[in-house]
Amino acid sequence: MKVVIFVWTIDPYPYNMSHYIGNNKDGFWGIGDIIRGMISTAMICKKLNIEYYIDVFNHPISNYLDLIDYNYKEYVNKNINKVYWPGQGNTINYINTCNDDTPILIMTNEIIDGNVCPHKNIPYDVIENILALFKMNRLFEGYYLHVKHNIGLLDDYSIIHFRLGDSYLVRGQSPGVNFDSLYNKFLQNKEDNQLIISDCNIFKKFIKEKDTNAIMFDTKSIIHMGRTDGDIKDTLLEFMLILNSNNIKTFSIHNWRSGFVLYPSILKNIPIIRI
């Protein structure tokens, strides 16, 4: 019987980091893309009746999660350079062409049933397996609770999220948006006990200068988590805060919703609206 293991790695073949220069590598695959890939691969394996596992032991995210060993952990460790990225639309064909002799190591941002932004009709066990993955270890949970308390965020909180794009996040260039206009959008959607999250720290500072009571976390590093060897701690913290929220309002400069908020919404059935 075939075995498929979805492996989190910063260096899947053929998209090795050595192919990219400087910060360009950070422009690839945020956590939302990787969650989508895990969901789609799990659904493919269910369809084909294939045994399926997720392995994050070789990714920086493993430093912050309460992980459980499994039978193929050492195999993955020894073969981490064989993790293959088939590309969107090719995952099921790649799995079908692999033989049954050795576990198939894969990483992908595959779309779900032909839909980049899927509906919520995803099997319950698929969602539960991914949620179980995001169990914080004791040290990181302590950090999470410490930050939540320090910023004055109470339970039953909401999220307002601004995705301003990779011009600033990846390349350090101007985000090319009007902050005054976005601040008005913030005021129109402001709520009590609402956490502000953005991929653009200078916009968060812009809001804080105008509204000193605005609740936000002073993130030291905001990055695409999928394939980075940088400091993901604060980005993961914000993701966990979104995952544990009650509702989400989101703005994006793109014509799609950011996976950083979309997939917490899908996994936890959190109401989400675009603003």
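Helices (H or I, at least four residues) and strands (E, at least two) are DSSP runs, numbered from the N terminus. This is a predicted model, in which local features need pLDDT of at least 70, side-chain atom pairs count only at pLDDT 80 or more, and totals for chains, interfaces and linings use all residues. Residues are numbered from 1 along each chain as its sequence is written, and side-chain values use heavy atoms, with hydrogens and water left out.

**Thr 108**
- Thr 108 sits in the loop between strand E3 (104-106) and H4.
- The side chain of Thr 108 reaches the backbone nitrogen of Glu 110 at 2.9 Å.
- Leaving aside residues up to four places away in sequence, Thr 108 touches several residues, among them Phe 6, Asp 33, Trp 85 and Thr 91; contact means heavy atoms within 4.5 Å.

**Arg 163**
- Arg 163 belongs to strand E4 (residues 158-163).
- The side chains of Arg 163 and Asp 199 are joined by a polar contact of 2.5 Å. A polar contact is a pair of N or O atoms within 3.5 Å; within protein, one must be able to donate a hydrogen and the other to accept it, and residues adjacent in sequence count only if both atoms are side-chain atoms.
- Arg 163 and Phe 251 are 88 residues apart in sequence, but their C-alpha atoms are 6.0 Å apart in space.
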